[in-house]
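Subject: The structure to look through

Hi,

Here is the structure I promised to pass on.

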Amino acid sequence: MAPKKTVVFDVGGTNSRIALFENGVITWRDQCTTPAMAGPDATIDVMAQLFAPLGALQAPVAVAVTGQVVDGCVTAHNPDILTNWQRFPLQQRLSDRLQLPVQLINDARAGAWGEYVYGSGQGMSEFLFLTVSTGIGAGLILKGRLHRAKNGFDAEIGEMRCADGRTLEQHASGTALGQLALQYRYSNAKMLCDAADRGDEQANILYQNGIRDIAAKLADLAVMLGIQRVAVGGSVGLRSGYLERLGAEMANYPAIYRVELVAAQLGHDAGLFGAANMVEVT
């Protein structure tokens, strides 16, 4: 019997990646920059280019994509992450382009399932995967099952409101840090975070404020849902020292609001593995 093959895309606000799975193992991969401000048609062009080296491969395709996913359509509610994605029929359009069956899932939900099946969520019945990257996303495992809501808002922690009425994503994402960096004359988000880690007082306040906001939301979710463990991923969340900063904020809460924090074991591949597994089991 030929090896089981699955093609998986992971489309984020910064990078789009592709991986070929054979019997559950990544045997080939590639990536490029997501044309986030150019609209969904430009992103489909990029996905087709990434797929091109696979030639006439006949295999199911899974897409883990940032944004709200409902009935094969994607809506990005933060235009700073993806522009002009309003109920865009990505599933059908990509299937027509590649001439292959396509399944969609939100990237953070895919990451949660990947970590639950293969990584740091194993053995947990209530588990949250948090990704802090260009945007902020999450995925929930409740009673050992991935929480999927009909309206696509199944774990939208990034869309939760803070005290000033702005969203958590607007406070604490990589995009938000980048905007703060320019406002306070740091070159970019990385330079701001580097300065904070070196002891720059202003940079530290700006960096830590967003982390404090994330801790507040996690505390609410921990006491409301009984979450046993939170795995933190994403380009910002996997940054050295980030988990310790988040843990220090969580330690300020009474015990009933605290939750175990760990780094995402699969790193940046959590969404790829989760999406691949969901195709294999459907």
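A word on residue classes before the rest: Ala, Val, Leu, Ile, Met, Phe, Trp, Tyr, Cys and Pro count as nonpolar, Asp, Glu, Lys and Arg as charged, and the others, Gly among them, as polar. Keep in mind that this is a predicted model, where local features need pLDDT of at least 70 and side-chain atom pairs count only at pLDDT 80 or more, while totals for chains, interfaces and linings use all residues. Residues are numbered from 1 along each chain as its sequence is written, and side-chain values use heavy atoms, with hydrogens and water left out.

Pockets first. A pocket is found on a 1 Å grid over the protein atoms alone, as an open set of points where a 1.4 Å probe fits, with protein on both sides within 12 Å along at least five of seven lines; lining residues have an atom within 4 Å of a point. Volume here is the space filled by probe spheres set on the points, which are joined across faces, edges and corners.

The second largest pocket holds about 220 Å³. Its lining of 14 residues has Val 69, Val 70, Asp 71, Arg 148 and Ala 149 nearest the centre. Strand E5 (68-70) and E7 are the elements giving two or more residues to this lining, and E7 has the largest share with three. By class, the lining splits into five nonpolar, four polar and five charged residues. (Helices, H or I with at least four residues, and strands, E with at least two, are DSSP runs numbered from the N terminus.)

The largest pocket has a volume of about 950 Å³. Of its 47 lining residues, Gly 12, Asp 107, Thr 131, Ser 133 and Thr 134 lie nearest the centre. Helix H3 (107-118) is among the elements that each supply at least two lining residues, and H3 gives the most, with four. The classes here are 11 nonpolar, 27 polar and nine charged.

Now the strands, which pair if DSSP finds at least two bridges between them.

Is strand E8 (residues 126-132) mostly covered or mostly open? Mostly covered: seven of its seven residues are buried, meaning under 20% relative accessible area, with exposed over 50% and partly exposed in between (1.4 Å probe, protein chains only). E8 pairs with E9 (residues 136-142) in the antiparallel sense over seven bridges, and a hairpin of three residues joins the two. Glu 126 stands opposite Leu 142 in E9. E8 also runs parallel to E11 (residues 229-233), with five bridges, where Phe 127 has Arg 229 as its bridge partner.

Finally, helix H5 (residues 174-183) is mostly covered, with seven of its 10 residues buried, including Leu 177 and Leu 180.

Cheers
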